[in-house]
Amino acid sequence: MSLSKKFVEITDVGMKFDTPKGSFTALRDIDLTIQQGEFITLIGHSGCGKSTLLNLIAGLTQPTSGHLICAGREISGPGPDRGVVFQNHSLLPWLTCYGNIYLAVERVFADRESKAQLKARTEAALALVGLTHATHKRPHEISGGMKQRVGIARALAMEPRVLLMDEPFGALDALTRAHLQDELLGIVAKTQSTVVMVTHDVDEAVLLSDRIVMLTNGPAATIGDILSVDLPRPRERLALAEDPAYHHLRSGVLEFLYQKEKRPAA
Ligand SMILES: Nc1ncnc2c1ncn2[C@@H]1O[C@H](COP(=O)(O)OP(=O)(O)OP(=O)(O)O)[C@@H](O)[C@H]1O
Ligand SMILES: [Mg+2]
């Protein structure tokens with residue numbers, strides 16, 4: 001990463017929400033610079049502000065203080081340079097897998113490319129996540145893991161410079177999850193995308209990340225610590241299971257979550 005470039009710059013960001021009980025400070029003093037091609041995971045207890053931070057980078061909400069910059073420009077709204085994968089995959093139920101992806105592709109590329117090119121992009125995205133066979137199926141006809149893959153394909157097909165994912169594998173069984181993690185590692189290696197991903201899963205964070213950003217408990221959550229994961233790539237989950245360096249990193253995150261930042265009382 002010696003030639004790395006600053007890509008997302010988050011400076012002194014705070015986020016307050018107006019609530020019926022008055023102002024609620026969700027995030028304070030967030031400073032984070034993400035390099036191009038870096039894989040960042042955000043981890044922290046439920047309710048600490050992970051989705052809030054991801055939404056700020058997505059431009060879906062505006063911070064109440066501080067600045068967010070992506071590729072040299074202030075983030076002032078959602079944009080095709082930032083593809084979002086939502087936790088609930090949010091596919092349009094009346095469109096097929098193909099249709100869901102085509103719609104996004106059309107939005108980004110229609111002014112520059114022919115229909116044949118848009119079709120080729122859509123088909124390539126489906127192939128990338130292994131869903132060519134489900135091209136003409138609608139969301140209710142496919143499994144949860146497949147829907148999640150359509151959501152990932154849709155975000156990737158927009159060729160975003162930053163891929164933002166909010167617990168994309170959260171609701172999946174362990175096997176599907178492992179399979180999709182491996183797929184994602186392969187895709188990101190191929191596309192060199194910058195990724196910010198929210199997760200609750202410590203093993204997932206260590207397996208995927210270049211850096212793990214650990215948030216303190218809210219209210220007024222901030223970055224408590226950042227752990228650099230210097231395990232070489234490509235990473236093999238079976239080999240890692242025997243790697244002392246992997247276990248050391250894993251305990252680092254666990255220690256943060258369960259000793260330094262105890263789970264807040266419900
Ligand atoms: N629109 C809003 N209005 C008021 N409060 C909000 C709003 N959005 C989030 N919050 C509050 O901000 C805090 C952070 O919420 P956020 O959804 O970012 O947490 P999270 O870390 O993503 O949690 P989880 O792991 O459960 O998804 C919570 O206390 C939440 O209640
Ligand atoms: Mg969340």
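Predicted model: local features only at pLDDT ≥ 70, side-chain atom pairs only at ≥ 80, totals over all residues.

Residues are numbered from 1 along each chain as its sequence is written, chains are lettered from A and ligands numbered from 1 in the order in which they are written, and side-chain values use heavy atoms, with hydrogens and water left out.

Entry 1, H2 and H3. I looked up helix H2 (residues 97-109) against helix H3 (residues 115-128) and got an angle of about 130 degrees, with the axes 9 Å apart. Helices here are DSSP runs of H or I, at least four residues, numbered from the N terminus. Axes are lines fitted to C-alpha atoms over the stretch in contact, and angles run from 0 to 180 degrees between N-to-C directions. H2 is therefore oblique to H3; angles under 35 degrees count as roughly parallel, over 145 as roughly antiparallel, 65 to 115 as roughly perpendicular and the rest as oblique. I then listed the contact (heavy atoms within 4.5 Å): H2 residues including Cys97, Ile101 and Phe109 meet H3 residues including Leu118, Arg121 and Leu126. By class, this contact has nine nonpolar, one polar and five charged residues.

Helix H4 (residues 144-157) packs with helix H5 (residues 174-191) at about 15 degrees, axes 11 Å apart. I noted the pair as roughly parallel, therefore. Gly145, Gln148, Arg149 and Leu156 of H4 meet Thr176, His179, Leu180, Glu183 and Ile187 of H5.

Conventions
Helix = DSSP H or I, 4+ residues; strand = E, 2+ residues; numbered from the N terminus. Nonpolar A, V, L, I, M, F, W, Y, C, P; charged D, E, K, R; others polar.
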